[in-house]
Each structure stands twice: as C-alpha cells, then as structure tokens.
Amino acid sequence: MRLTQLPLTTFKEVPADAEIVSHQLMLRAGLIRRLSSGLFTWMPLGLRVLRKVEQIIREEMDRAGALEILMPVVQPAELWKETGRWDIYGDLLLRIRDRHERDYCFAPTAEEVVTEIARRELRSYKQLPVNYYQINTKFRDEIRPRFGVMRAREFVMKDAYSFHLDQASLDGTYERMAEAYTRIFTRLGLRFRKVDAHGGEIGGSKSQEFHVLADSGEDQIAWCEGDSFAANVELAPALPPRLPRPAASATPDRVPTPGVRSIDDVAAFLKIGTRQCLKTLIVEGNEGGLVALCLRGDHELNPLKAERLAGVARPLRMAAPERVLAELGAPVGSLGPVGLTIPLFADHSAGAMADFACGANAPDTHLTGVNWQRDLPEPATHDLRNVEAGDLSPGGGGTLSIARGVEVGHIFQLGDKYSQSMHATVLDQDGKERVMTMGCYGIGVSRIVGAAIEQNHDANGIIWPEPMSPYDVMLIELNPKKSESVTAAALKLYNDLQAAGFEVLLDDRDARPGVKFADADLVGITHRIVVGERGVKDGKAEYRHRPTGAEEQTALEDVVEFLRNRQASAARG
C-alpha cells in the first residue's frame, strides 16, 4: 500500500479527551476515530491490527477443536427472561424494541443464545463435548466509557461456550482453552500472566483471567517468581504470619484523641506506625445485626473474603455511621474491639498484634498498649485482607510481587447455571435426560490492541509486537520529486518485497524526511527501510528496527534477504 493512496491523518498534539497512552496514540496515529461516547470507527491501519489479532485467535481456537459460528448481536428478551438476567443484568444491558413492540437487547454476551442453539441442536451424549465460538461485536452501556477501546461501549469480542455431559469432560476442555489462550498471547508477542480470578456477573465456579502486564492496568495481580502462583489480588490468600505473636510488654492507657478519625491521623497523633494500629470496621450482618471486622492499620479489607464469613451480609455492606453511633455509642473512627458485644472477626495479622492502639468505643478516645487475651478475648482469625508485595506465596516458592495488568481474557466453568434454567439437555448412555454442563471462554479482541500499546510504546509512539504490526515493513522514499533514481529504487524494492510475501507500506508522499520519520515512529511498524539519494548512489538502504532503535545499512539488492533473516531471528526468539 502507498501512503499517497491511504489518507492517513496523524497528529502531533495529544487529544484533550484521551486519558491513557493507548487512547492518545491510537487517535494520534489515525488507527481509530471517535463517533460518539464509547463508539469508535476503526480506520484502515487500526483495522489491519485488529484483523491480525483476530486471525491468531481464530487459528488457535480452531487448533483447539472449537467450532466457529456467528450469532446475532440483537437478542430476544424471552431468552434473557428464561435465565432471569433480563431483570438483574442492570443498566449495562441496552434494551431495544422493534416495530411490533417486541423486546430485544443488543448482545453484551451470548450465554442465552448459545444455550438456545445447544438445546435445539444437541440430542445425544454422543455429540458431546462441543465448543462453539464466535468473533463478533458486543455492546455494554457503560455509564462512563473511558480509555478509548479499553472500555468502549461497543467492542469486538471472541466468546466461546462448551457443552459437556460431566465435570471431567468440562475440565478437559477448560484446560485446552487455557493452553490455547497461552499460545494466543504468546504468539501476539505480549507479556502476560494467567491468574486465578472471581467469576463476576457471569457466574460459575473455576475462573482464570489473562492479564497483559502494563503500569496503567486497572487490575492488580499477585504473583511469585519462585513458583507458578498467580492470582488477582482480590483472590490471593494472605497467609498467617510465620512468627508467633510477641509477648505483651506495654500497659494499657486511655488517650484523648480529639478530632482524630482515620488510621493515618491516629498513628500521627500517637507517634506510632500504622501497622501498630488496629482498625475496626463495622458491617451489616446477614440477620440484621452488626458485625465487627478487625485489621492491622496498614492493611486493606478484601470484601470478597469478608463476605465468606458466617453471619456477614452478602454483598458486603458497611454499617451506616448513624446506626453505629446509636448502637455502639461511638462514632466510626473511635471504635475498637475492647468491650464490643457484637460478633467480631480478626484478620490473621491483626490477631498476631501485640501492644497495639485501637479505638476506645468512646468519642475522641483511643487505647494504647492493648493485647489479646490480657485485655480482651482471643479472636477468631481469618484471611480478610488484600495481599501485599513481600507476603509469602501460597505456592511456597518465596514472596509475592504485585503487578498491574489489563484483563484481556477470561475463562470460566459455568456448570449448569444457564443449561438448567433453559432446560438444555441430552440423553445419556442409559437413555436418561441429563442437563449439560457448560464452560465459557472470552477474549477482548479490540481491547488487546489497546493493551498491546499500553505495554509497548515510547515517547515517539507505538512499538507494535511484530505479529501485530499493521505492515511488516515501512518503506520510506526520501524526496521523491527530486530524484528519479530514488523513486525507481524505492518502487523496485516495494515490488520485490511484496513478491517475497512482505506486507509493505510505502511512504511516497511529498513530505519532509522529518515528517516521514516521525509518522513511522508514531505508527510503530516493526521494520523501517529508508531509500535516499546518497544511499542509492552507494547501492545502500538504511534499516531501523522500531522496538530496539537499532540502525544499520544493507545493500539494496540484499534487503529482501536481510529482512527474511530478521524475521527468522525474531521467530527463534
């Protein structure tokens, strides 16, 4: 493709409404254009990247034995009402109505539709297992679309759904999908991690996410270099401290703390560290009462873990300050475990504290030098907090590190959540009707493009992993109107490279060299070849490798072989 035939518009300035790097660079490089809030048109260069991602996904899904289908993006309400999700999915579901006043929605996901397919098409256990997938448009009516394609309302997704007679069959397909996802993200040239995760709104039991590592990622993942452990921070177990609790050495004291509420303020007022403070959080119980949760001052409560406690309401709800004051006699910020008469649970680390400070259950008052057993009963301890860097790995291989990641893939074991409610059954070996069990496997195709840029960029623009580069080679012709020999050499090289199977973008515009070089860096194509007048006289072309910035010269007649060797070397790693 010649740039004189491709109306590429690039920008030097960062768009005012673009908050993160991928959004900024996709707009500046002309990959996408905003149509409306959360809606984007994929322009020619951007679409080439998107299609390359799709192709690798398609190849690996086919390799794993999945069957490609294409389901409607407009779905009838009746199917969603069968599973109950029409009422409970919330405002993310864009509801529409046709001329006959029938209700539909624009697909945010496709569990109901694929289950409808399965209950019509599958009759016997002999047809199982089967795994259907599609690469299609989805729509979720985000209240605040942000970050360009990373959280758009309309997006491209690969979603797959498998059907099985039993759990063993589901386990087998689930592992094949995990392996396929690993191959996909490896082939795309991305640094990623597979982590244990929560099932979220889709439901199901076993669940794992695939995260592209990037400093701008919204999710935090905990992982250990010394073993295979990796999990979303919200699910990573925080192990009890290895060392026993120190012996009490301080005498309890009651200290006035006027106007002091937060842990940071308490620590500063008492001139101690936050890890020496114990904080008491009051939450709603599942039978209408209140429940106290105690954590070390420098730790954060993990709501998912707290919800698993017997007696705690789900979802977790903090008690209203007015109720806390009325029932416990002290405001939030002055509460502590000493003398509390409501059920109390302590985090493992809180239970290992000695000589700690806490609220005195009286306004503007705290206690110091408090110890379990001596000053109050020994607590029941549980894992209630988020893990932190340096915590012991549950895998036993050392300590945990915390990294930020962008979720680009998620696999679930759904069980019979949808097949039961929609009566999706087959006949088993004994001729008995059995409800099928299901798996669900999603990849954010358009999100991958943004995540790749978040992970791979510099001050000059995008640095595509080679498999995602919109073209293999950016061929730049310098001053085309001033030298027929340069134009002839560039055109010959353009034709030779294409004949050799390379995808080439020829910059034959009548523009200054600095403009062409800046656009080449911004667009981020992996290999750059420059043909100029001096080089043509010497029979040379200049090469630059975008990811490393390495530059060298090669003979014009050897450029094809030079690039072949470059690609082969990259493929070998």
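Buried denotes under 20% relative accessible area, exposed over 50%, and partly exposed the range in between, computed with a 1.4 Å probe on protein chains only. The structure is a predicted model, in which local features need pLDDT of at least 70, side-chain atom pairs count only at pLDDT 80 or more, and totals for chains, interfaces and linings use all residues. Residues are numbered from 1 along each chain as its sequence is written, and side-chain values use heavy atoms, with hydrogens and water left out.

**View A. Cysteines Cys358 and Cys105.** Cys358 counts as buried because its relative accessibility is 1%. Cys105, at 0% relative accessibility, also counts as buried. A disulfide is a pair of cysteine sulfur atoms within 2.5 Å, and by this rule the count comes to zero. Cys358 is in no disulfide, the nearest cysteine sulfur, that of Cys294, being 8.1 Å away. For Cys105, the closest cysteine sulfur belongs to Cys440 and is 15 Å away, too far for a bond.

View B. Helices (H or I, at least four residues) and strands (E, at least two) are DSSP runs, numbered from the N terminus. Two strands pair if DSSP finds at least two bridges between them. Strand S20 (residues 401–415) is largely enclosed by the rest of the structure, because 11 of its 15 residues are buried. Strand S10 (residues 207–213) runs antiparallel to S20 and is joined to S20 by seven bridges; here His211 stands opposite Glu407. Strand S11 (residues 219–223) pairs with S20 in the antiparallel sense over five bridges, with Trp223 as the bridge partner of Ser401. Six bridges link S20 to strand S23 (residues 437–444), again in the antiparallel sense, and His410 faces Gly442 in S23.

View C. Leu128 and Pro129 are joined by a cis peptide bond with omega of about -5°. Pro129 belongs to the loop between helix H5 (111–121) and strand S7 (130–139). The peptide bond from Arg314 to Pro315 is likewise cis, with omega near -5°. Pro315 is located in the loop between helix H8 (303–307) and helix H9 (321–328).

View D. His423, although not a glycine, has a positive phi of about 55°. This residue occupies the loop between helix H11 (417–421) and strand S21 (425–427) and, at 48% relative accessibility, counts as partly exposed. Asn479, also a residue other than glycine, has a positive phi near 50°. Its loop lies between strand S26 (473–477) and helix H13 (484–499). Asn479 counts as partly exposed because its relative accessibility is 32%.
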